[in-house]
Amino acid sequence: MNIQEANQYLAPNYGRFPITLVKGQGARLWDDTGKSYLDFVAGIAVNTLGHAHPAMIKTISKQAATMLHCSNLYFNPQQNELAKQLVELSGLDKVFFCNSGAEANEAAIKIVRKYFHDQGKQKYTIITATQSFHGRTMQTIAATGQDKVKEGFAPLPIGFKHVPLNDFETLEQAIDNHTAAIMLEPLQGEGGVNNVCPHYLADVRKLCDQHDILLIFDEIQTGIARCGAMFAFELAGVSPDILTLAKGLGGGVPIGAMLACKKVAPSLSAGSHGTTFGGNPMSCAAALTVLQVLEQENILENVNQRSKQLQAGLQKLVDTYPFFSEVRGHGLLLGLACEKEVMPIIHACREHGLLVLAAGPHVLRFLPALNITEAEIEEGLTLLNKSIEGLDL
């Protein structure tokens, strides 16, 4: 079936590029014509270990031959072990497993409301940042600080406020007696690869403690070593009360997680929340393998080395072309800000065999697999240069 025929059957909610990808190996993908691409998207920060990593193949094959799914009416050893490891890594206390980032953020929103309800307090408003992105469900688009994702879906759930990122005075003024939580991405990905000032996060932490407000870090995109630490909040030395994870956790297998500290976690009591597929043996086995390989292959070190290399290459573009203004981000979640719209660059890159994506109309976003090699980063920068040279911007 070709793309035109496929469009007869697929919902039109995605702006898809006109290629059909059929296989991958490491940091490379191939389409159905045999053309190869260097993958600097990694499934939008999902393919932590690249494509077809031998450890992932072994784990998934073994688990498929054993047990794919069992209900959360019962325990399974993979879920138990993954919860233990995430608790030990994060410093939080309890884990709820689900299927996606939006579902993890839904759980975070629910547990905040339930926590204050259990105390008999009328605290339910969650403050988030403008340009934030927290998911595509009704609650999470209400939480998202971008109008474009809300258009056409009114009325939205109430109980959310948005304030400019890194503007502490405005955030402080937005707090009232109903404020229950502040929800932030330690580095905004979808909203433009926008850095969050470390001192801002520290000040927000103090503010939450002073006003009995919970602090949620949405690390759907930034978590699991993507930013050069296991969690981006470690870079600022600030810990949340609630943490959400997804994308890179399963290395390509769908899984999300919401972690809560010990004072909040009991509010997610039996019957208060649930999901059919969350925490099944297959997804948890895959996530355990991701964590194991991250440690065994010293991938955090690779993330930081390849980040320096990629940042240096992108900075040369800023120095060469007046329409590029800034390199930002951490680890292997980097953005190249552009005064021109970046979509022509993305199309040109694809023609040259390099997959990159946008974060808004004016930022190129780079999210390669965390085990990408020095040679592959160099090759990607060469392809990016060639793509830009051929454009009349």
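Is Ile 224 buried or exposed? I looked that up to start: Ile 224 is buried, at a relative accessible area of 2%. My cut-offs are under 20% relative accessible area for buried, over 50% for exposed and partly exposed in between, with a 1.4 Å probe and protein chains only.

Before going on, a note on what I have open: this is a predicted model, where local features need pLDDT of at least 70, side-chain atom pairs count only at pLDDT 80 or more, and totals for chains, interfaces and linings use all residues. Residues are numbered from 1 along each chain as its sequence is written, and side-chain values use heavy atoms, with hydrogens and water left out.

I checked the backbone of Ile 224 next, and its phi is near 60°, a positive value in a residue other than glycine. Ile 224 sits in the loop between strand S10 (214-218) and helix H9 (233-236). For elements I go by DSSP runs numbered from the N terminus: helices are H or I with at least four residues, strands are E with at least two.

Ala 42 also turned up with a positive phi, near 55°. I placed Ala 42 in helix H2 (residues 42-45), and at 1% relative accessibility Ala 42 counts as buried.

Then a cis peptide bond: it joins Ala 154 and Pro 155, with omega about 0°. Pro 155 belongs to the loop between helix H6 (138-143) and strand S6 (160-163). I noted these because most residues other than glycine have a negative phi, and most peptide bonds are trans.

**Strand S10**

How many residues of S10 are buried? I got 5 of the 5, so S10 is largely enclosed by the rest of the structure. Both faces are covered: Leu 214, Ile 216 and Asp 218 are buried on one side, Leu 215 and Phe 217 on the other.

For neighbours, I count two strands as paired if DSSP finds at least two bridges between them. Strand S7 (residues 179-184) runs parallel to S10, with 4 bridges joining them; Ala 181 has Leu 214 as its bridge partner in S10. Strand S11 (residues 242-245) is also parallel to S10, joined by 3 bridges, and there Ile 216 partners Ile 242.

**Two open sheets**

S1 and strand S2 (residues 28-31) run antiparallel and share 4 bridges; Leu 21 is bridged to Asp 31 in S2.

The other one I followed is an open sheet of 4 strands, antiparallel, ordered S13-S14-S17-S16. Its edges are strand S13 (324-330) and strand S16 (357-358), each with a single partner strand, so one side of each is left without a neighbour in the sheet. I found 6 bridges between S13 and strand S14 (residues 333-338), which run antiparallel. Gly 329 has Leu 334 as its bridge partner in S14.

**Rings**

Rings of Phe, Tyr and Trp (its six-membered ring) pair if their centres lie within 6.5 Å; planes under 30 degrees apart are stacked, over 60 edge-to-face, the rest tilted. That rule gave me 6 aromatic pairs. One of them is Tyr 115 with Phe 116, edge-to-face at 4.9 Å centre to centre and 70° between the planes. Tyr 115 is buried at 9%, and Phe 116 is buried at 0%. Ring pairs also link Phe 217, Phe 231 and Phe 233 into a cluster.

**Single residues**

Which residues does Thr 59 contact, leaving aside its neighbours within four places in sequence? Taking contact as heavy atoms within 4.5 Å, I listed Ala 285, Ala 286 and Thr 289. Thr 59 is in helix H3 (residues 54-64) and is buried, with a relative accessible area of 18%.

Ala 11, in the loop between helix H1 (3-6) and strand S1 (21-25), counts as partly exposed at 49% relative accessibility.
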